[in-house]
Amino acid sequence: MWIYGRNPVLEALRAGRARRVLVARGVEGWLLKELEKLGAAYTLVPRIELDTLLRTTHHQGIAAEVEDPPYASLEDALRLAASRKEPPLLVALDGVTDPRNYGAMIRSALALGAHGVLSEERRAAPLSPLALKASAGAALKLPVVKVKNLPRTLKALKEEGLWVYGLDVRGEKAPWELDYARPLVLVVGSEGEGMRRLVRETCDELFRIPIREEAESLNASVALGIALYQARLARGVG
């Protein structure tokens, strides 16, 4: 698979996952110096060659051929929480199919202290080159998990002692009214339909982010960022 964008490619190089790197002629000198610092062999090509190969002009002048991104397991995410000596904080995405939103949510999850992002194998965006670029490389640093059945997985996590909070426009509580010290899963549904009924019924708490009426709704990625930041503050992390 070819990935593109400066952060995704540099992260792939740091992880030793890049097989071949192509760089557009005329890129900034700092990028070439960074590649050389990483010991990366690269080939300079005309920018149009990258446009054609990647079918986009938004590649920032660099691409790398990598193995398909490896998905992690739930155990990987829980081990990460244990290694940090923190109660688990997982993000579950229900029906998020837009790759840009998916990547942006992974980026927010990494930045705001979550230990993993999970979604179903179906009804969800894959870790495509576009999602990887939108994540700015975060998808290569944080456990990203695919599960066969999200409601069943949430029930299993509850049996392991995790609480499940769902972002829902009909939720009665505000984010600051919840207890974030618990081992926790934050669930976000799709922008169009929200959470599916079975997922919603699995939640221990439903909450909403109060906004001005004329705005109607928030982008799902923005809503997740607000909820994760509330969790981070509540856990005493600045």
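Colleague: Which residues in H1 and H2 meet?

Modeller: Arg6, Leu10, Leu13 and Arg14 in H1 meet Trp30, Leu31, Glu34 and Leu35 in H2. To meet here is to be in contact, that is, to have heavy atoms within 4.5 Å. The model is predicted, so local features need pLDDT of at least 70 and side-chain atom pairs pLDDT 80 or more, while totals for chains, interfaces and linings use all residues. Residues are numbered from 1 along each chain as its sequence is written, and side-chain values use heavy atoms, leaving out hydrogens and water.

Colleague: Why are H1 and H2 called roughly parallel?

Modeller: Helix H1 (residues 6-14) and helix H2 (residues 29-37) pack at about 15°, their axes 11 Å apart. Axes are lines fitted to C-alpha atoms, for helices over the stretch in contact, with angles running from 0 to 180 degrees between N-to-C directions. Angles under 35 degrees count as roughly parallel, over 145 as roughly antiparallel, 65 to 115 as roughly perpendicular and the rest as oblique. H1 and H2 are therefore roughly parallel to each other.

Colleague: What is the crossing of H1 with H2, left-handed or right-handed?

Modeller: H1 passes H2 in a left-handed crossing.

Colleague: What makes H5 roughly parallel to H9?

Modeller: Helix H5 (residues 99-111) and helix H9 (residues 220-234) pack at an angle of about 10°, with axes 9 Å apart. That angle makes H5 roughly parallel to H9. Asn101, Ala104, Met105, Ser108, Ala109 and Ala111 of H5 make the contact with Ala220, Ser221, Leu224, Leu228 and Arg232 of H9. By class, this contact of H5 with H9 has 7 nonpolar, 3 polar and 1 charged.

Colleague: How do you know that strands E5 and E9 pair?

Modeller: Two strands pair if DSSP finds at least two bridges between them. Strand E5 (residues 89-94) and strand E9 (residues 184-189) have 6 bridges, in the parallel sense. Helices (H or I, at least four residues) and strands (E, at least two) are DSSP runs, numbered from the N terminus.

Colleague: What is the order of the open sheet of 6 strands?

Modeller: The order is E7-E6-E5-E9-E8-E10, with parallel pairing. Strand E7 (144-147) and strand E10 (205-207) are called edge strands, as each pairs on one side only. From one strand to the next, the twist averages 25°. Helix H7 (residues 150-159) lies across E5, strand E6 (116-120), E7, strand E8 (163-167) and E9, at about 160° to E5.

Colleague: What is the pairing in the sheet of 4 strands?

Modeller: The pairing is mixed, in an open sheet of order E1-E4-E2-E3. Strand E2 (residues 18-24) and strand E4 (residues 62-66) pair in the antiparallel sense over 5 bridges, whereas 3 bridges join E2 to E3, which run parallel. Val23 stands opposite Ile62 in E4 and opposite Leu44 in E3.

Colleague: How many residues of domain 1 and domain 2 are in contact?

Modeller: 12 residues of domain 1 are in contact with 9 residues of domain 2. The bounds, 1-64 for domain 1 and 72-233 for domain 2, come from an automatic or database domain assignment. Taken over C-alpha atoms, the two centres are separated by 30 Å.

Key. Left-handed = near helix turned anticlockwise from the far one by under 90°. Nonpolar A, V, L, I, M, F, W, Y, C, P; charged D, E, K, R; others polar.
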